[in-house]
Amino acid sequence: MFRILSLAAIYVLACVVLIWPAAAHARSILDLDVQTQPEELLDWGDFVLDTTGEATLKDILRRPQAFQPTHENSAYALQPGQALWIRFAVPATPDDQRWYVRIAQPGLDSVVLYTRGADDSWSRQQSGDALPVSKWPLPHLYPVLPLAISAEAPTNYMLRIEASDGVEAPIEFVSESALSSDQQRLSLLYGIYFGLLAMGAIFALFSSAALRDATYFWFGMWTVLAILAAATAAGVTQLHLWPEMPRWGDAAHYVLPAAAGVPFILFVVQVFAVRERDARLFWPCIAVALFVGVLAASTAALPSPQRLWLGRAAMAIGVVLAIALCTWAWARDPALAKRVVGALSPFGIALAVHSMRRLVGHWAEENALAILLAGLAITICATYLLLGSRHVSSRDAHQRIARLREIDPLTGLVNETVFGTRLAELIERARRFEHHSVVAIIDFPNFPALRAEFGRNHSLALLLRIAERLGAMTRTVDTVARLGEWRFGLQVDGPIAPSRARALCAKVIAHCITPMSGLPMGMVAKPRIALALVPAHGDVPQEILMRLDEMLREASDDPTRVILIANTTATHTARRTPAASCADDGLTDFLPTSASDEVV
């Protein structure tokens with residue numbers, strides 16, 4: 001007896017051990033509870049795959065043995081032309097709330113919900129890309145179908161799904177209040193998100209027109225297509241932009257991402273200045289961009305899965321070419337290449353995570369769209385900032401190049417052209433304010449002898465030191481220019497009293513002949529200065545400069561003539577002494593009356 005009981009106990013224990021795993025993984029019970037929504041179908045339903053896609057509801061109901069428990073991960077691989085049938089029942093539920101079944105996956109070809117009535121008849125509701133949004137039971141970003149629930153008895157349903165790329169989103173049950181709250185939240189988030197990105201695209205296109213920069217144009221076009229592709233993936237375009245165009249709404253999921261590759265390639269080509277750096281590489285890149293455009297156009301006409309693989313191939317070609325161009329540019333302009341790679345990396349990483357979401361993990365599957373949208377937003381903002389800094393750098397470079405035509409490369413002073421332009425402004429300003437300003441030419445006749453004695457390097461150092469001293473003794477409103485190999489120009493804005501002219505000349509000479517440290521002993525420049533007061537001595541810039549030059553040439557044979565002051569009269573030949581000219585502060589008495597220049 002004891003042996004029999006022992007065997008029975010062992011048998012029961014073995015049964016418990018064998019049955020326990022099955023009991024732990026028993027199918028969950030679908031319970032529509034407002035507090036725990038959204039409720040997922042998980043394994044509560046049964047499914048069957050119609051490989052022909054032609055079976056009717058009656059045909060499926062005749063094969064009850066073909067049904068299998070639904071997947072907990074809600075992922076079903078469907079091929080084009082196939083249909084997924086899911087059978088589930090909703091237990092008796094209080095009807096104070098309306099309930100809906102939703103599949104949060106835009107791009108499903110067709111979703112049909114059959115509801116069994118009390119008389120065993122089946123009612124039908126349909127949504128999906130095969131139908132205009134206006135004919136959906138509830139227009140939404142993705143298929144949402146109302147459930148006819150009963151508070152007295154369970155309700156049976158059959159769900160038929162057609163999806164060229166398979167079903168990835170879970171089948172969920174939500175109440176009307178939760179659905180309305182989610183819709184308002186999504187409308188707010190998508191409105192802010194796509195509104196800000198659209199503003200960035202508009203700014204880029206307007207910047208391309210204002211700055212005449214093709215880089216901004218291609219970036220703006222890529223941004224527009226990328227935004228449309230992202231909005232299509234979220235279901236926004238199907239609901240708001242083309243709700244009555246079901247065929248295009250279905251094809252847009254494949255055409256727009258592939259078409260975005262064309263402006264993206266052209267943007268990368270433009271930002272790296274491929275045409276300017278290597279014309280042989282430019283035209284192959286243009287050919288690849290045109291080829292991607294042809295692939296994008298082909299996706300609109302081809303069926304699935306050909307259009308899916310063709311669209312992915314177009315995107316892959318754009319990404320590979322962009323990586324190749326970044327590598328090519330890294331060897332030529334590492335700083336720009338690093339910034340471009342840093343700006344495009346967030347979207348590249350998000351795109352990789354979205355493509356491999358099933359391999360990355362469950363969190364990537366649940367948040368794939370959010371990751372893609374976040375990466376796109378970061379990349380667009382970072383790239384726009386990159387283009388702004390690039391434009392500023394380019395503008396500064398062009399300004400530096402333009403200033404090279406106006407600046408003497410040795411001393412950094414303005415050249416003769418700028419000196420003449422500023423002289424005209426100086427004369428006009430002096431005439432308008434009715435005062436006198438000074439224009440002078442400073443020449444160094446002994447510079448050739450110094451260069452022959454002390455060498456070229458010391459001579460250039462001497463010119464730099466003279467330029468520094470002339471710049472140090474003037475104000476910011478004044479101008480110092482280099483007019484020749486050993487000739488400088490000086491403009492001093494007024495008001496300048498005539499009696500101060502000679503003192504100004506003496507100050508300039510004193511600064512030039514003061515010994516300079518770092519130069520050989522005996523290397524002393526001997527300046528000669530010719531000065532005129534404007535507009536008293538003339539109001540035409542070229543005539544004034546020619547007159548001062550003539551004064552310097554006439555005094556070249558006399559080393560004692562160091563300070564030369566222009567005369568207002570060109571017909572007289574009398575000469576005044578320095579003492580007489582310094583005796584009076586008035587302009588008429590100060591200026592000499594002879595045709596020759598006043599000499600000190």
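Trainee: How many residues of strand 10 are buried?
Mentor: Strand 10 covers residues 171-175; strands here are DSSP runs of E, at least two residues long, and helices are runs of H or I, at least four long, both numbered from the N terminus. Buried means under 20% relative accessible area with a 1.4 Å probe and protein chains only; exposed is over 50%, and partly exposed is in between. The strand is largely enclosed by the rest of the structure, because its buried residues number 5 of the 5.

Trainee: What should I know about the source and the numbering?
Mentor: The model is predicted, so local features need pLDDT of at least 70 and side-chain atom pairs pLDDT 80 or more, while totals for chains, interfaces and linings use all residues. Side-chain values use heavy atoms, with hydrogens and water left out, and residues are numbered along each chain as its sequence is written, from 1.

Trainee: Which residues of strand 10 point the other way from Ile171, Phe173 and Ser175?
Mentor: Both sets are buried. Opposite to Ile171, Phe173 and Ser175 point Glu172 and Val174.

Trainee: Which residue in strand 10 is the bridge partner of Val101?
Mentor: Two strands pair if DSSP finds at least two bridges between them. Strand 1 (residues 39-40) runs antiparallel to strand 10 with 2 bridges, and Glu40 stands opposite Glu172 there. Strand 5 (residues 99-103) is also antiparallel to strand 10, with 5 bridges. Val101 has as its partner Phe173.

Trainee: Which strands stand at the edges of the open sheet, each with a single partner strand?
Mentor: The sheet has 6 strands in the order 3-2-4-9-6-7, with antiparallel pairing. One side of each edge strand is left without a neighbour in the sheet, because each has a single partner; these are strand 3 (68-69) and strand 7 (122-127).

Trainee: Which residue in strand 9 stands opposite Ala89?
Mentor: Strand 4 (residues 83-90) pairs with strand 9 (residues 155-162) over 7 antiparallel bridges. Opposite Ala89 is Asn156.

Trainee: Which residues does Phe194 contact, leaving aside neighbours within four places in sequence?
Mentor: Contact means heavy atoms within 4.5 Å. Phe194 meets Ile227, Ala230, Ala231, Val236 and Leu373.

Trainee: Which residues line the second largest cavity?
Mentor: A cavity is a set of points, on a 1 Å grid over the protein atoms alone, where a 1.4 Å probe fits but cannot get out; lining residues have an atom within 4 Å of a point. Points are joined across faces, edges and corners, and a volume is the space filled by probe spheres set on them. The second largest cavity holds about 30 Å³. Its lining is Leu41, Leu42, His71, Ser74, Tyr76 and Ile171.

Trainee: How much space lies in the largest cavity?
Mentor: There are 2 cavities of 30 Å³ or more. The largest one has about 50 Å³.

How values were computed: On a 1 Å grid over the protein atoms alone, a cavity is a set of points where a 1.4 Å probe fits but cannot get out, and a pocket is an open set with protein on both sides within 12 Å along at least five of seven lines; lining residues have an atom within 4 Å of a point.
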